[in-house]
Amino acid sequence: MTIYDIARKAGVAGSTVSRVLNGQPGISDGTRKRILAIAEAEGFALSENARSLKLKSSMLIGILVSDIRNQHYTEGAYVMVEEFQRKGYCSIIMNAGNSGAAKIDAVRMLSSRRVDGAVFIGSSFSTEEVAKAVSTYMPDTPIVMENGSLPLDNVYTVAAADSAGLRSAVEYLAGSGCRSLAYINANDTPSNRLKRKGVEDAVSKTGLSCIYMETTDSFEGGRKATLRLLEQARPDAVVYSMDILAAGGVRAILDSGLAIPDDISVFGVDNSIYSAISNPSISSVDTSLSAMSAECVRILESAMAGIIPEKRKELPFSLVIRESTR
């Protein structure tokens, strides 16, 4: 017997039975007593084990990241695992990879583990392939996307203010006297497109000149791209789409005999440990990672309990100014 059987006997929805068995508020005393009486008559012990009845619950949460080596992703996953564990859930963290086929396979594997809900970390999951996989394998499973989105009823979004954050960073640089800029980006993702839009909007508003470059999402990618940039120009500032790129850029600028920020200012994104431990330390757009991860847990928990949360929530950003800018 499942909670659906109890629900049929009690004449209520499965989500109502789930809320009663998990001790959640918002159910009338009469309905609560009726459900508990049926559960007891069927031999269900109202203990922690009874929580596994919740919508055929496995008490498992799936967390997908495209590259588990990415420190920004793993920090977010850590916050989620801690929060879910405090609530009695076990988390499965999977490295989904960067290819469409690998992501589809990861969604299929999560489905086979009967997870109660899932979080997809990063906008690289915002693709038609992933949407089709979710529709096929997890059409009724609540899913929250951290900084990504899918046009599906069971998918919710918690996003960073990427465009506004980058716009503010460029405006800050312009206000500090910068007149020429370079923007170095890694990976063509929806999030990074929003970052570039923020840069373009600020460049248009402030009248700065700007060089746009692409590279790989690594320290070495940032270093090599910056060396290529310095071979053709020496802008007043370089903005990077990720702190790890900015850390590589700092190394390239210093190795080229230039001073930071006297010759070139540097700005990153994420306010990660890379920006804090770099020498000089790197100014960065703080995208509220911990708050965003905690919000993913809150929204997923609501959705799993049958309480429909908001479809999209965007968290505020802040600029953390350090030694790399004037």
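Helices (H or I, at least four residues) and strands (E, at least two) are taken as DSSP runs and numbered from the N terminus, and the expected span of a helix is 1.5 Å times one less than its number of residues. The model is predicted, so local features need pLDDT of at least 70 and side-chain atom pairs count only at pLDDT 80 or more, while totals for chains, interfaces and linings use all residues. Residues are numbered from 1 along each chain as its sequence is written, and side-chain values use heavy atoms, with hydrogens and water left out.

**Helix α4**

Helix α4, residues 71-86, contains 16 residues and reaches 23 Å from its first C-alpha to its last, close to the 22 Å expected at 1.5 Å a residue. At its start, a side-chain oxygen of N70 comes to within 2.9 Å of the backbone nitrogen of H72, and the helix is followed by G88, whose phi is positive, near 95°. The buried residues of α4 (under 20% relative accessible area, with exposed over 50% and partly exposed in between, 1.4 Å probe, protein chains only) are Q71, H72, Y73, G76, A77, V79, M80, V81 and F84. These buried residues pack against strands β1 (60-65), β2 (90-95), β3 (117-121) and β4 (143-146), and also against helices α11 (273-277) and α12 (289-304), where contact means heavy atoms within 4.5 Å.

**The pair α7 and α8**

Two packed helices are described by the angle between their axes and the distance between the axes. Axes are lines fitted to C-alpha atoms, for helices over the stretch in contact, and angles run from 0 to 180 degrees between N-to-C directions. Helix α7 (residues 162-175) and helix α8 (residues 190-206) pack at an angle of about 35°, with their axes 7 Å apart. Residues of α7 that take part include L166, V170 and A174, which belong to a set meeting a group in α8 that includes L194, V199 and V203.

**Two single residues**

How far apart are L254 and T141 in space, C-alpha to C-alpha? L254 and T141 lie 50 Å apart by that distance, and they are 113 residues apart in sequence.

Notes: A polar contact is a pair of N or O atoms within 3.5 Å; within protein, one must be able to donate a hydrogen and the other to accept it, and residues adjacent in sequence count only if both atoms are side-chain atoms.
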